[in-house]
Amino acid sequence: MTVDDRGRITLPKHIRDRLQLGEGDDLDINLEEGEIHLRPNRPQFTPISSNKDEWGEEAFLDVGEAMFGDLEDDNGR
């Protein structure tokens with residue numbers, strides 16, 4: 001890579017693909033012992049809890065039912 005006249009670099013496509021980086025994604029930059037380190041700046045996910053003791057059947061829909069609702073065929077199934 002080279003630095004252009006405006007101080008920009010272009011990350012090679014295979015690196016962008018591997019890190020799933022796209023246009024507009026944020027990167028953190030750190031200097032450590034004379035080296036530049038770039039890291040994708042992605043939100044941290046926080047686990048959530050429902051505080052339920054029991055789950056109802058609605059929590060375990062199959063993919064078709066979750067996407068399309070409770071569909072019945074011509075035979076009532």
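Glutamate 33, with a relative accessibility of 85%, counts as exposed, where exposed stands for over 50% relative accessible area, buried for under 20% and partly exposed for what lies in between, computed with a 1.4 Å probe on protein chains only. The model is a predicted one, in which local features need pLDDT of at least 70 and side-chain atom pairs count only at pLDDT 80 or more, while totals for chains, interfaces and linings use all residues. Residues are numbered from 1 along each chain as its sequence is written, and side-chain values rest on heavy atoms, with hydrogens and water left out.

The protein has 2 helices and 2 strands, and from the N terminus on its elements follow the order α-β-β-α; helices (H or I, at least four residues) and strands (E, at least two) are DSSP runs, numbered from the N terminus. Of the 77 residues in the protein, 3% are buried. Among contacts between residues at least 6 apart in sequence, 6% join residues at least 24 apart, a contact being heavy atoms within 4.5 Å.

Strands β1 (27–32) and β2 (35–40) pair in the antiparallel sense over 6 bridges, and two strands are said to pair if DSSP finds at least two bridges between them. Within this pairing, isoleucine 29 has leucine 38 of β2 as its bridge partner, while aspartate 28 stands opposite arginine 39 in β2. Glutamate 33, the residue of the opening sentence, is found in the loop between β1 and β2. The hairpin has 2 residues between its strands, and the phi of glutamate 33 is near 50 degrees, a positive value in a residue other than glycine.

A second residue with a positive phi is glutamine 20, which is not a glycine either and has a value of about 55 degrees. Glutamine 20 belongs to the loop between α1 and β1, and its relative accessible area of 65% is the reason why it is classed as exposed. Leucine 19 is placed in the loop between α1 and β1 and is partly exposed, with a relative accessible area of 38%. Although leucine 19 and arginine 39 are 20 residues apart along the chain, their C-alpha atoms are separated by 9.4 Å.

Aspartate 25 has its place in the loop between α1 (13–18) and β1, and because its relative accessible area is 40%, aspartate 25 is partly exposed. A polar atom of the side chain of aspartate 25 lies 2.6 Å from the backbone nitrogen of glycine 22. Aspartate 25 and asparagine 41 are 16 residues apart in sequence, and the distance between them in space is 7.7 Å, C-alpha to C-alpha.

Several of these residues return in the largest pocket, which has a volume of about 240 Å³. On a 1 Å grid over the protein atoms alone, a pocket is an open set of points with protein on both sides within 12 Å along at least five of seven lines, and lining residues have an atom within 4 Å of a point. The lining includes Met1, Ile9, Leu11, Ile15, Leu19 and Leu21, together with Leu27, Ile29, Ile36, Leu38, Arg39 and Pro40. Both β1 and β2 supply at least two residues of this lining, and β2 gives the most, with 4 residues. By class, the lining has 11 nonpolar, no polar and 1 charged residues, where Ala, Val, Leu, Ile, Met, Phe, Trp, Tyr, Cys and Pro count as nonpolar, Asp, Glu, Lys and Arg as charged, and the others, Gly among them, as polar.

Conventions
On a 1 Å grid over the protein atoms alone, a cavity is a set of points where a 1.4 Å probe fits but cannot get out, and a pocket is an open set with protein on both sides within 12 Å along at least five of seven lines; lining residues have an atom within 4 Å of a point. Grid points are joined across faces, edges and corners, and a volume is the space filled by probe spheres set on the points. A polar contact is a pair of N or O atoms within 3.5 Å; within protein, one must be able to donate a hydrogen and the other to accept it, and residues adjacent in sequence count only if both atoms are side-chain atoms.
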